[in-house]
Amino acid sequence: MKHIDSNTHVRGESVYLDDIPLVSGTLYAAVFDSPVAHGKIKSLDTSEAAAMRGVAGIFTSKDIPGENQIGGIIPDEELLAGTHVHFCGMPIALVVADSEESARAAVKKIKAEFELLPIITDPREAKEKGELIIPPRTFQLGDTHAAWSQCEHIFEGRTETNGQEHLYIETQGAYAIPQENGAIRIYSSTQGPTAVQRTAARVLGLSMNQVEVDTTRLGGGFGGKEDQATTWGVLCALAAILVKKPVKYALSRIEDMRMTGKRHPYSADFKIGLNKQLKIVAYEATFYQNAGAAADLSPAVMERTLFHCTNSYYVPNVKATAYSCRTNLPPNTAFRGFGGPQGMFVIEAAIATAAEQLHIPASDIQEKNLIQSGDTFPYGQIAVSEANECWSKTNRLYGIKKLQQEITDFNNRNPLRKKGIALMPICFGISFTKTLMNQARSLVHVYTDGSVGISTGAVEMGQGVNTKMLQVAATIFSIPSEKIKVNTTNTYRIANTSPTAASAAADLNGKATEIACTIILQRLKQLAADDLKVPADSLTLKEECLYAHGEKTNWSWKKLVTAAYVNRISLSELAHYTPPDIHFDATKEKGHPFTYHVYGTAIVAVTVDCLRGIYEFDSVKVVHDFGSSMNKLIDIGQCEGGIVQGIGWMTMEELLYDQEGRLRSNALSTYKVPDIYSVPKEIIVQALETTKENAAIFRSKAVGEPPLMYGIGAYFALRNAVKAFNPTATIPFDAPMTPEKVLMSLYPVPALEEIKEEEKKP
Ligand code: MTE
Ligand code: LUZ
Ligand code: MOS
């Protein structure tokens, strides 16, 4: 089945926040945000701005009727700065005017003076100064201290991974409309409608039942709207309540890039020990997470770094410690992979270090250490692994040694163009690591004409969750998809939702939908069973016809539905789902936090132009563990998108804050994301088809985040290509590996003159 939005998407008819028809009298908001990264607000003068034509109001923290607090995990973040600012881009005042232009013009007339305070942008410096968001956490398995003596080889190193701008095509935004009796409706481009609702209630001093949040779809979220859409939803609601008029704010790209947090940059230290057989005996890592100026989701992101610090390998002795470091940058937030990629990069760097020192391909080490079913993760969960299956199928399909040999041959033939290849196995845990968040509800209505409406807590952001919800209902009811509509995500229909995140939305909401549909179907079957005098379990629905013991009856879907209504039997159901058997004890850092894991293996190949430092990705060849995919088109699309986004993070997206905490890569002219010319020439995604019980909806495993981590292979492929040209290059593990960095690491090569001479020969 195609993505159900594909028709309206290509026609430009899909409704995003900025397409919602406006109520007359709507005003427009714009934010005055801090120009300095840390300081005390000495004075704030809004008088000139307030006098401008079209300006309806300017609001600061003093105008907030409830609490000036938006922190989700820790209450450490003000909506509007009160006395101090903690990052460049922190909202200070909110202007409301009769047009976007007047609102933004008025913002420019606001004057503020600051008493400047020391600025920290580096996480290690923050840690040294005791600026931690939460106390450090350590995951431990076995005893690394005792294990070093069993190691034949021990390597140490340091890594840096930079942040990443989400660059959802639709920027952040919201539209709030006051309702009768002080209530409010907020249209929000958010992954977490309940977070917007809860926070709006808190800030406005309302109860949650007075706040309706409605989301049709997002033009991408990628984690950037899991928590940080809340600010804009709440600001619009605040202004709307204060001016008693509808208020809209759709951020410009430059505002969005400046004011919102991104993927967390990490700095890390590692130590890895291997025995003679190249088994990893011990691994230690210390992670310094650059959290930015407030907690946001950083504690949860940090936790997932620890969960995924050994990627898809079994290591018997592990000690990993993570620090969430407070700096004067915009609070960093969820981004596809949620700290997992940052953890996985470090062990891949450790393995690459070992491989380079031992003069063997990293894949020799990777393959020998893949986690097997029955092995224990550092957090105590026992693996049900597909790591070896994915690896060996990759080898069967694409031939790892053959590809490596082809690359060596190419490199021997070509003095100025070098290829590099890297294997990238992945393992990603599915479930919110905060166990209580793993719950969802679905409300299914069957109407008397036989059509069906579904509402869940899932937010459509391009990933196809609505299509999957529709497929669930179509499959259970055995009716055509045209009879089913998936409704907007709305806090009045579905309450207390978890954000659409952790790749878990299709599973959680899909299972709830499956339960709701099954309950309604049971009622319909019972009705027919009574009439036909057969047991209900002998009945099956197929293509809108009811069969008893395999024989067609005179009951159709339509007749069942009508009869149920006539007999006063409910055609609606609200179902609740929570995955069984997950738990985690944070005092011991042990448990069984994930419903299951997703595995896969990628081979990434790149060609570097060794005169210019530029490069092209030749191919990404993958075997991915889909379970048994319920929608191949969508799931392959998720893989392709994730891979390209991961390659962007690892190779070209160079986020840059200066010493003053100002974002220098603040527009698409200075921040380069992958475009159609820079995607790999070939991406092949093959399925590891398994029919094993796996707790996923219809055994179709979650697919949203895991493929991003194949992109990590791009970094190591590039590194190998550079090493093929300049074997003595010392390349720090400092991602992204931009063309500039590639060029710098290619040279100086003492033998360059000789290489040039060589090339002139026929
Ligand atoms: N795909 C598209 N097209 N747009 C997105 O914003 N977000 C990703 C992933 N795929 C995203 C996407 C992220 S970060 C997550 S957590 C999952 O989708 C969420 O959706 P799911 O739980 O339905 O997989
Ligand atoms: N969000 C969250 C996430 O709150 N908890 C998680 O475990 C998670 N994992 C991935 C992405 N978002
Ligand atoms: Mo995705 S980072 O869980 O929104």
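User: What does "buried" mean for a residue in this predicted model?

Analyst: A residue is called buried when its relative accessible area is under 20%. The model discussed here is a predicted one.

User: What makes Cys639 buried or exposed by that rule?

Analyst: Cys639 has a relative accessible area of 0%. The limit is under 20%, so Cys639 is buried.

User: How do you know where Cys517 stands on both points, burial and bonding?

Analyst: Cys517 has 0% relative accessibility, so Cys517 counts as buried. Its sulfur lies 19 Å from the closest cysteine sulfur, that of Cys545, which is too far for a bond. By the 2.5 Å rule, the count of disulfides comes to 0.

User: Which residues come nearest to ligand 1?

Analyst: There are 19 residues around ligand 1, and Gly221, Phe222, Met461, Ala505 and Gln638 come nearest. By class, this shell holds 8 nonpolar, 9 polar and 2 charged residues.

User: What makes the approach of Gly221 to ligand 1 a polar contact?

Analyst: The cut-off for a pair of N or O atoms is 3.5 Å. A polar backbone atom of Gly221 is 2.7 Å from an oxygen atom of ligand 1, so the pair meets the cut-off. Gln463 also qualifies, through a polar side-chain atom 3.0 Å from an oxygen atom of the ligand. For Ser503, a backbone N or O atom lies 3.4 Å from a ligand oxygen, which is again within 3.5 Å.

User: How much of the accessible area of ligand 1 does the protein cover?

Analyst: On its own, ligand 1 has 520 Å² of accessible area, and the protein covers 92% of this.

User: How do you know that strand E12 pairs with other strands?

Analyst: Two strands pair if at least two bridges are found between them. Strand E1 (residues 27–33) has 2 bridges with E12, in the parallel sense, and Leu27 stands opposite Val247 there. Strand E9 (residues 173–178) has 4 bridges with E12, in the antiparallel sense; Tyr175 has Lys248 as its bridge partner.

User: Which way do the residues of E12 point, and are they buried or exposed?

Analyst: In E12 (residues 247–250), Val247 and Tyr249 point one way, while Lys248 and Ala250 point the other way; all are buried.

Conventions
Residues numbered from 1 in each chain as written. Chains lettered and ligands numbered in written order. Predicted model: local features only at pLDDT ≥ 70, side-chain atom pairs only at ≥ 80, totals over all residues. Heavy atoms only, no water. Near = heavy atom within 4 Å. Polar contact = N/O pair within 3.5 Å; in protein donor to acceptor, adjacent residues only side chain to side chain. Areas by Shrake-Rupley, 256 points an atom, 1.4 Å probe, with all protein chains shown as cover. Nonpolar A, V, L, I, M, F, W, Y, C, P; charged D, E, K, R; others polar. Buried < 20%, exposed > 50% of the residue type's maximum accessible area, 1.4 Å probe, protein only.
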